[in-house]
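I opened my notebook to look up how one protein chain is put together.

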Amino acid sequence: PADHLINDVPAFHAAVAAVGAERVLPAHLPAPPRGRTLVVGAGKAAAAMAACLEAHWPAASPLAGLMITRHGHGVPTRRIDVVEAGHPLPDAAGLAAAERLLRRVGDAGPDDRVLALISGGGSSLLTLPVAGLELADARAASQALLDSGAPIADINCVRKHLSRTLGGRLAAACRAPTRVLMISDVTGDDPSVIASGPFAPDPTTYADALSVFERWRITPPPAVRSYLEDGVAGLHGETPKPGADCFHRVEHRLLANGRAALLGAAAHFRERGVTPVILGDTVTGEADLKISDKITLK
């Protein structure tokens, strides 16, 4: 009966399969370069993406890399290292892995190629606090923002200005041509928002980051406020902006998003005689039904 099908657990699996790495990634892999291929990235799908890439990469072509995924989301890989770390709050394992990843990206040369595999959750997993901030500061700021109900774009605006890896800073550290393959978990699929855009131009500023705390009536940790205020005063360099030279070497490709997942679930129901109605893939708001007035349809 239709009532049973609407709650059919396989529909969820159909949605996930529609955006799975094996379905969306292989067609976007480039030919091997003259030099090395370095695979880096982060997200809840990072390990699955890395394993898929390995399966489709020529055995004779050099391949190495480092991916950071959420605890419990690792899968076996042969040539690409996978580290499990904290999400949605960063932890010491993620910090150490992000520092290693930044060094490896900086070591890639013009004859090499970087493949960046990015998916939802990458912001927390790639967190590497700027000089003067501790992991505890980053965790406290993230926790306060998550508790406030602030949208992901606001949260990521702050994260980008407190990290050495986010907000285009990996692109700035890299001399190699880079292809970024993304599975989006944000409405609008903006590369600068997906995982806080480690290879994407950042249009936001230190002043924007400070205003996020004010808008959501959050008192940030003293070290975080001081750092952002110094940034507004010009004492810290801004995140790389649109038009910066480092982005001439970077190509972004969107592999899958929320709409693709919805279409996968819809196809599952349609095959079983249930007519689906997709209300949209831009539903945003606090995930608490008691605060339904915060939910908007765009």
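The entries below follow that order.

**Entry 1: ground rules.** I am working with a predicted model, in which local features need pLDDT of at least 70 and side-chain atom pairs count only at pLDDT 80 or more, while totals for chains, interfaces and linings use all residues. Residues are numbered from 1 along each chain as its sequence is written, and side-chain values use heavy atoms, with hydrogens and water left out.

**Entry 2: the whole chain.** I looked up the elements and found twelve helices and six strands in the protein chain; helices (H or I, at least four residues) and strands (E, at least two) are DSSP runs numbered from the N terminus. The radius of gyration is 20 Å, close to the 19 Å that the globule rule gives for 298 residues, so the chain is as compact as a globular protein of that length. I noted that this radius is taken over C-alpha atoms, and that the globule rule is 2.2 Å times the number of residues to the power 0.38. Along the principal axes, the C-alpha atoms fill a box of roughly 65 × 55 × 35 Å.

**Entry 3: the sheet.** In which order do the six strands of the open sheet stand? I read the order as S3-S2-S1-S4-S5-S6, with parallel pairing, where two strands pair if DSSP finds at least two bridges between them. Strand S3 (80–85) and strand S6 (250–256) are at the edges with a single partner strand each, so one side of each has no neighbour in the sheet. On average, neighbouring strands of this sheet are turned by 15 degrees against each other, direction ignored; such axes are lines fitted to C-alpha atoms, for helices over the stretch in contact, and angles run from 0 to 180 degrees between N-to-C directions.

Entry 4: Helix H4 (residues 46–56) lies across strand S1 (37–42), strand S2 (64–70), S3, S4, S5 and S6, and runs at about 140 degrees to S4; contact here means heavy atoms within 4.5 Å. Helix H5 (residues 92–107) lies across S1, S2 and S3, at about 155 degrees to S2.

Entry 5: On a 1 Å grid over the protein atoms alone, a cavity is a set of points where a 1.4 Å probe fits but cannot get out, a pocket is an open set with protein on both sides within 12 Å along at least five of seven lines, and lining residues have an atom within 4 Å of a point. Grid points are joined across faces, edges and corners, and a volume is the space filled by probe spheres set on the points. The second largest pocket has a volume of about 150 Å³, and its lining includes Arg36, Arg104 and Asp107. S1 and H5 are the elements that give two or more residues to that lining.

I also found two cavities of 30 Å³ or more. The largest cavity has a volume of about 90 Å³, and H7 gives the most to its lining, with four residues.

**Entry 6: the backbone.** Most residues other than glycine have a negative phi, and most peptide bonds are trans. Against this, I noted a cis peptide bond between His87 and Pro88, with omega about 10 degrees, and Pro88 lies in the loop between S3 and H5. Ser196 is not a glycine, yet its phi is positive at about 60 degrees; I placed Ser196 in the loop between S5 and helix H10 (206–215).
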